[in-house]
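The sequence and structure come first.

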Amino acid sequence: MEEAIQLFEAAQLRHALYRFFAASFLYPQRDRLEHLEEAVEVLEACTPWLCRFAFYEPWRRWAERFLEQAEQPWGLELAYMDLFGLLPPQASVYLDPDGLMRGRLISELEALYRGMGLAPSGAYPVPPDHLAVELEFMAFLCQREASIWQEGSLDLHLLSLERSFLSRHLRRWLARFARDVRRQAPDNPYRDAVEAVEAFVVHDADWVAEILRHATDGGLPDGPARSG
Amino acid sequence: MATPRLTFRTAILICEDLPPDARAIRERLTSLLPEAIVRILPGLCRGEIRLTDWVQAHPVERLVLGLCRPLTNPAALQAEARKAGLDPFGVEIRVLGAAQGPEGVERAALQLTAAAARAQKYSGARPEQARPRFPQGLDRRALLHLSWLFYETVPGVDPERCAAEQGCQICRQVCPYGAWRWMDGGPELDKGACRTCGLCLVSCPRGAIENPTWTPEQIEAEILTLLDPYLGDPGPRGLIFECRREEGEIPDAHPAWLKVKVPYGGMLPPSWLLAPLLLGAGAVRVRLCSEGCPHHLEERLRGVIAFCQEVLAQLDLEQDRVDLAGDLRPPPPSGIGRLEEEGLFTPQGVARVFQRLGEVRQRVAWRLTSPFAPLGRIELDPQACTGCARCAQACPAGALIREEEADLIRLVFDPARCVACAQCLTVCPEQANGAIQMAREVDLPGLRRGQVVLREFPVARCLACGRPIATRSVLDRIEALLGIEDAALARYLRQYCADCRHAFAGFLKGG
């Protein structure tokens with residue numbers, strides 16, 4: 001694998017990582033664990049790329065821990081319930097101005113998702129402020145970004161949306177959530193997942209800001225033929 | 001201290017081309033640091049070494065590289081370290097100069113030993129303390145080449161120590177680039193705006209702002225080793241604080257001058273310039289990079305140096321012991337001696353530096369007022385101050401303390417902690433009447449006295465519940481401001497606390 005990465009490939013890689021992390025924070029059902037194991041294998045094949053990023057070490061730690069734990073799914077189920085029963089991975093706990101679990105923040109997020117053409121699904125009753133849902137939303141934006149880069153165009157609005165979603169939502173509460181996890185459940189295997197996602201999200205916010213800075217300065221390629 | 005203790009498994013890798021003699025340097029390092037792995041590697045500077053393979057064969061936690069020239073692509077080294085399971089920010093790189101003979105060997109070994117000591121103090125970086133960077137001057141295609149993706153550390157906030165809740169905004173006030181913004185009641189760094197000048201690091205009175213590769217502990221560990229009389233050449237030594245952006249050797253500098261990198265020359269506080277004199281340095285110099293410090297930082301540095309020179313004059317020492325790096329003739333022998341003391345570079349060590357200087361030189365009766373003094377002195381006007389203690393609540397340094405005892409509230413001042421941030425002045429409701437005054441000064445007799453009671457205020461207690469209402473002076477002031485003509489109402493306010501008055505009002509309303 002070459003170390004040069006085109007913008008659409010970077011967006012695809014981010015998409016895959018967001019999806020992997022989103023699935024990591026859903027209840028560890030057997031079939032989901034199998035999918036996650038496959039995802040780890042696929043992502044590990046990208047090591048020559050991944051090791052270039054600052055989040056590589058926490059990512060690798062969680063991937064190794066996950067593979068080790070996935071052999072005893074009941075242990076992972078217990079750890080999941082222990083941790084997220086105590087500390088729900090939901091933005092409202094940290095960000096809702098009125099401290100409500102179904103307050104203004106939920107409405108704001110629903111409106112944001114609707115604005116991008118997404119509607120709640122009855123099949124997965126996960127609240128819109130759940131970490132997995134917010135990560136899935138970012139995965140969706142990255143996928144869209146990848147296809148736009150592939151077409152050879154540039155969508156500043158989409159990049160700005162990614163940046164603002166990260167800074168106004170995910171990044172804003174994730175650090176506090178991670179701090180609570182470190183303090184209250186230092187030995188839970190999901191601590192590694194939380195630290196990995198925190199490192200990835202912080203990095204991604206910086207990455208998007210950097211790309212956006214270059215894009216607004218006119219320093220980005222205008223077609224895949226010139227990028228790479 | 002003869003040899004630094006290594007708390008982590010440490011390896012020192014030396015480039016084979018290193019002048020004057022890589023083998024002699026290795027021999028010397030092996031005797032100085034018997035616990036460390038010391039190896040000579042050919043092609044280290046050219047990036048031909050697969051560091052991952054080497055580290056996997058020799059599991060280490062800290063790495064020091066002694067190079068003959070700067071790395072062409074430090075990003076590749078970071079990726080190699082990451083792949084090897086090493087934290088790339090914990091890798092210390094020293095580009096060693098071309099000194100000749102046994103003196104050159106001794107000097108190179110000393111610098112690498114100091115780097116190893118510094119590496120022991122690295123305690124990890126949080127995700128928000130790293131910033132991705134593409135090198136300047138890249139074209140649009142190279143932007144996407146990951147082998148050039150480089151990370152550098154930026155300051156981060158430890159929320160446990162941050163005094164933002166008390167209203168402290170010192171980091172925001174001192175930042176010349178406006179990089180600190182307020183988010184959810186606390187400081188958040190705009191990484192795009194931050195130039196990592198380090199001014200916030202040395203200005204935070206609680207040490208809550210940390211850049212993981214520029215902590216006071218790391219810099220102190222390096223300085224302590226460089227100035228250790230048991231290591232290296234026994235002659236006089238001078239210390240040069242050098243801007244991290246400066247790469248080259250200093251022409252015509254005497255070899256007794258030893259360099260320590262700092263984020264920017266302009267960030268240096270007076271205590272950092274004076275502390276090395278206590279640790280064995282004959283003199284201290286500051287070397288700015290060729291670009292110079294932007295904003296007012298260079299001007300600030302000149303003020304700080306002038307202040308340090310005034311301190312030296314008070315101590316009957318030559319003023320040029322602290323100066324900008326100009327003529328680097330042999331440094332004078334230490335006229336101060338050498339203390340075995342740690343913590344002089346932390347925010348809590350500032351006052352100690354001045355106290356120790358005074359004690360060692362037996363000059364303890366001076367007081368120096370200057371806009372560049374790092375300490376402050378607070379005084380209260382007994383006529384205007386009401387003892388509301390807002391100043392004590394707001395003081396981020398813990399220099400103003402509110403104590404309560406029986407029917408008294410006491411305002412206590414600790415001169416060793418005051419950083420002259422003027423937060424107390426900002427929040428004082430009686431500031432217009434001059435209730436509180438602050439002077440930027442180092443006051444050695446004051447520091448020697450320690451904590452002093454500024455004033456005691458009698459407290460009025462609630463007749464109903466017995467809890468304190470406020471100080472009598474506050475109640476007097478409220479009465480004067482409201483201009484209450486009704487004596488009964490005035491008495492009512494003085495006799496009952498707000499909770500009880502509300503309870504009475506509710507009772508009356510309820511009928």
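How many of the 27 residues of α10(A) are buried?

## Basis

This is a predicted model, in which local features need pLDDT of at least 70 and side-chain atom pairs count only at pLDDT 80 or more, while totals for chains, interfaces and linings use all residues. Residues are numbered from 1 along each chain as its sequence is written, and chains are lettered from A and ligands numbered from 1 in the order in which they are written.

## Helix α10 of chain A

In α10(A), 21 of the 27 residues are buried, and the helix is mostly covered. A residue is buried if 20 or more other C-beta atoms, placed from the backbone, lie within 10 Å of its own. Helices are DSSP runs (H or I, at least four residues), as are strands (E, at least two), numbered from the N terminus.

Helix α10 of chain A covers residues 190–216, and its end C-alpha atoms are 38 Å apart.

## Chain B overall

Chain B contains 16 helices and 21 strands. Its C-alpha atoms fill a box of roughly 90 × 55 × 40 Å along the principal axes. Of the 511 residues in chain B, 44% are buried.

## Domains of chain B

An automatic or database assignment divides chain B into domain 1 (10–124 + 214–361), domain 2 (127–210), domain 3 (376–458) and domain 4 (461–510). The C-alpha centres of domain 2 and domain 3 of chain B are 32 Å apart. Their contact (C-beta atoms, placed from the backbone, within 7 Å) takes seven residues from domain 2 of chain B and eight residues from domain 3 of chain B.

Notes
Two residues are in contact if their C-beta atoms, placed from the backbone, lie within 7 Å. The expected span of a helix is 1.5 Å times one less than its number of residues. A residue is buried if 20 or more other C-beta atoms lie within 10 Å of its own, exposed if 12 or fewer, and partly exposed in between; C-beta atoms are placed from the backbone.
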